[in-house]
Amino acid sequence: MQITLRQLLMQPADEYLMLDKVLNAQRLVSSTTGDKVHDEHLFIVTHQAYELWFKQILYELDSIRDLFKVERIEESRTLEIVKRLNRIVLILKLLNEQIPILETMTPLDFMDFRRHLAPASGFQSLQFRLMENKLGVKMEHRVKYNQNYSVVFGQDPAAVEAIMESHKESSLLELVQKWLERTPGLEEDGFNFWGKFKESVDKFLKHEEIEAKASNEPDESNRNYRLMDIEMRKGVYNSIFDSSSHEALVLRGDRRFSHKALQGAIMITFYRDEPRFSQPHQILVLLTDIDSLITKWRYNHVTMVQRMLGSQQLGTGGSSGYQYLRSTLSDRYKVFLDLFNLSTFLIPRSWIPPLDTKLNWSFDAPSLNMSSDFFYPNCGGVEEHIFNLSQCLLEKGHKVIVVTHSYGERTGIRYMTNGLKVYYLPIKTFYNQCILPTMICNIPLLRDILLRERIEIVHGHSAFSALAHEMMLVASLLNLRVIFTDHSLFGFADLSAVVTNKFLQISLCTCNHCICVSHIGKENTVLRASVPAHKVSVIPNAVDTALFTPNPIKRPQDNTITVVIVSRLVYRKGIDLLVGIISKISQMPEMRHVNFLVGGDGPKRGLLEEIREKNNMQDRVTLLGALEHSKVRDVLARGHIFLNTSLTEAYCMAIVEAAATGLQVVSTKVGGIPEVLPDELIIMTEPSVEALLKGLLVAIKRHKNRRKLPGSGSNGIHRNDAKAEDRNEVLCPFAANALVADLYSWDNVAQRTEKVYQRVLREPDQPLGKKLASYLITGVWPYLLVVSLCHLIIKFCEWLTPKSHIDIARDYPSGQKTQTLRAKSKKKKR
């Protein structure tokens, strides 16, 4: 009979723990022969408890190995590793404390039932053998008797298979070795710890030698002893500085780690007091504790066996008993032997090379690149998103650079607020502020930027940005992580949509993760680009409400109402609809008090100028042209109503900024706009001139009615005595600002984006073949030739200008780094 989940949850504790099976698993062999031995029960319970704890250790070991298998271990995962390793340490301590309980049984008591145990033996503990293998005990390090599986597990093929499988898996030793090899600071073209450490050791030993020779020791033998000790220490240090000497020791079994892994372990040990090296050092200490406690358990077991059996009797499994167990106490069974010997290579603190401050932040704050054709001085939602997200990430300690094309004479490298570094590449725009997508012409330049800035994640923005897609392709071929944020919606019907969607699908084939600013945007991206839904996250835009505070005093103090439009003047922003609305308003005598204030630029500006001239509205329609983002709030503050006429919109940052500034919003009900603002802040209509005009007239009527209320002034600020129902659903500007502040914040957006970064950093590198194969699903097979050509160009660039020959750009200290530097500077002054 199948048990339902409800029945499973309502079962008693003894059934949940299956105590009937556990408590009835003690079968005394001596009782079957008629001479029951009391202490056999203790023997069975103790060893069953050992096996249960071994099972828990294996469970923890498997999870720890999984955490170590990723290319980059983030800080939260490091904490989890420390927690689980510490759990294993506590279990092993408990196992050692169980031995004295077993020792309450005397040798004679044991002799009473020992004959019933043969051929059973401790050798046959499959779980202990698996634990050794998964930790990293190698076959060649075992004593010969213990190497033969058929002798020990010959009657159990499943056990032999499990052991053979455990040999094929990556052991914890191998995974820790790879982790140590990736220790930041070992790079010769970076901090170069090993070179600096060797230099410090040479200086330290030379200093010691000079002191020994200059000492006034009355006894010549003491001075000779000091000099001889220094020579011996030179030999010891030479064994780690000379890679061939180290490899010889590894082959001999005296060392376990690779040369680079040993360097990483030594570096972590030296800098364990630094915040970012503290957790890695805890991991090394816990690994040493595990090895120590297993050795201690072996010793306690050996001592107990000698006490029970003496040193001459054979073991029940056929081994030499005590003699064999004593042989397992040697260093050959220590997995992390090198960690025990690290103290051999220490030098006094005063001689340790000082740690680079930048390196101290490189563990959990990856270097980021934001790429897009759309950035300052251009004004728009994508531009603002990139800028604000970058500022928040800088505050969190990340290194962030922005790559965009030149804007007029604005070329080269510029620095913005908080040291945000912007590359304005000397590439001319081709159409609609986007560069010509050549795919290959910009590869050397983009590669150089990514390498000299040591970028780890490339974050492209906007499906319309050719520069973003080119940078993402180069990053993918350089094995960097790639993330794409889609800020817009696109259709499926016309030819341009079909072509655009196909190109987007091709571009996102090797993208690690996509971000959409609304749920409708996610649905749109998944459908048109064939991206798996689990690789798409929804992270909405935000607004800094402190920068968009209302200022009703700036509004006209007469009876006029100002309608504000801030947008790119392009077709998809519905400028044709705006022209129709202005034309209709001009023909309505009762609307002579309604003025339009338009901010933004684009190819549709000529159409607005034409309709303004045609309807003689020069005094009522003001075209401000392109706006700097810092001036947008001042423009919004001058209006009463914000009009958005977009034909397609994934999120629409402009309506959020307008609502935060206290304007009543009238917008087309398209794309993700219904998800953005609550009903009390927005009037939504269909994307047509008639529907938008009707919504605009409703908003105008509300403002007229509000002015007539005794509880509101001419500037639109409500007094406390005005009743809520009399306000006709128009919120006080400051209440609207507070509501938007509760809904959106850039800090929240940055936190959620960081989680996406951490997720993609855990993903393994994909080989080139797999990346090329991913393009096949698009059906555009010739594109493989383009990608292959790009790969060959990158290889040629590497041959022409190797990575090691590219100068590393100096980082601008920002965010948390700046605070740390300031704190240290104050300390030094004190």
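**Burial, helix packing and local backbone features**

Of the 830 residues in the chain, 50% are buried. The model is predicted. Its secondary structure amounts to 34 helices and 16 strands. The accessible surface of the chain is about 40,000 Å², of which carbon and sulfur atoms contribute 55%.

Helix 13 covers residues 193-214. With 22 residues at 1.5 Å each, this helix should span 32 Å, and the distance of 31 Å between its end C-alpha atoms agrees with that value. The buried residues of helix 13 are Phe193, Trp194, Phe197, Ser200, Val201, Phe204, Leu205, Glu208, Glu209 and Ala212. Viewed down the helix axis, these buried positions fall within an arc of 170 degrees, so they line one face of helix 13. Their cover includes helix 14 (220-241) and helix 16 (259-270). Lys206, Ile210, Lys213 and Ala214, on the other side of helix 13, are exposed.

Helix 28 (residues 653-660) presents another case of burial. Because 8 of its 8 residues are buried, helix 28 is largely enclosed by the rest of the structure. The residues concerned are Met653, Ala654, Ile655, Val656, Glu657, Ala658, Ala659 and Ala660. Glycine 662, just after this helix, adopts a positive phi of about 95 degrees.

Positive phi values also occur at residues other than glycine. Serine 462, which is not a glycine, has a positive phi of about 80 degrees. It is located in the loop that runs between strand 7 (457-461) and helix 22 (466-477). The loop holding asparagine 479 lies between helix 22 and strand 8 (481-486). Here the relative accessible area is 37%, and asparagine 479 is therefore classed as partly exposed.

A cis peptide bond joins tyrosine 376 to proline 377, with omega near 10 degrees. Proline 377 belongs to the loop between strand 1 (367-371) and helix 20 (381-395).

Threonine 417 is situated in the loop between strand 3 (412-416) and strand 4 (420-425). Its relative accessibility of 48% makes threonine 417 partly exposed. Leaving aside residues up to four places away in sequence, threonine 417 touches Phe387, Gln391 and Leu394. For one of these, glutamine 391, the separation from threonine 417 is 26 residues in sequence and 7.8 Å in space, C-alpha to C-alpha.

On the surface, Leu495, Val498, Val499 and Phe503 make up a nonpolar patch. Together, these four side chains' residues have about 410 Å² of accessible area. Valine 499, one of the patch members, is part of helix 23 (residues 495-507). At 39% relative accessibility, valine 499 is partly exposed, since that class lies between the 20% and 50% limits.

Methods:
Residues are numbered from 1 along each chain as its sequence is written. This is a predicted model: local features need pLDDT of at least 70, side-chain atom pairs count only at pLDDT 80 or more; totals for chains, interfaces and linings use all residues. Side-chain values use heavy atoms; hydrogens and water are left out. Helices (H or I, at least four residues) and strands (E, at least two) are DSSP runs, numbered from the N terminus. The expected span of a helix is 1.5 Å times one less than its number of residues. Buried means under 20% relative accessible area, exposed over 50%, partly exposed in between (1.4 Å probe, protein chains only). The arc is that of the directions from the helix axis to the C-beta atoms. Contact means heavy atoms within 4.5 Å. Patches are made of residues with over 30% relative accessible area and no salt bridge: like charges are joined within 9 Å, nonpolar side chains (Val, Leu, Ile, Met, Phe, Trp, Tyr) within 5 Å. Accessible areas come from the Shrake-Rupley method with a 1.4 Å probe; for residues, only the protein chains shown count as cover.
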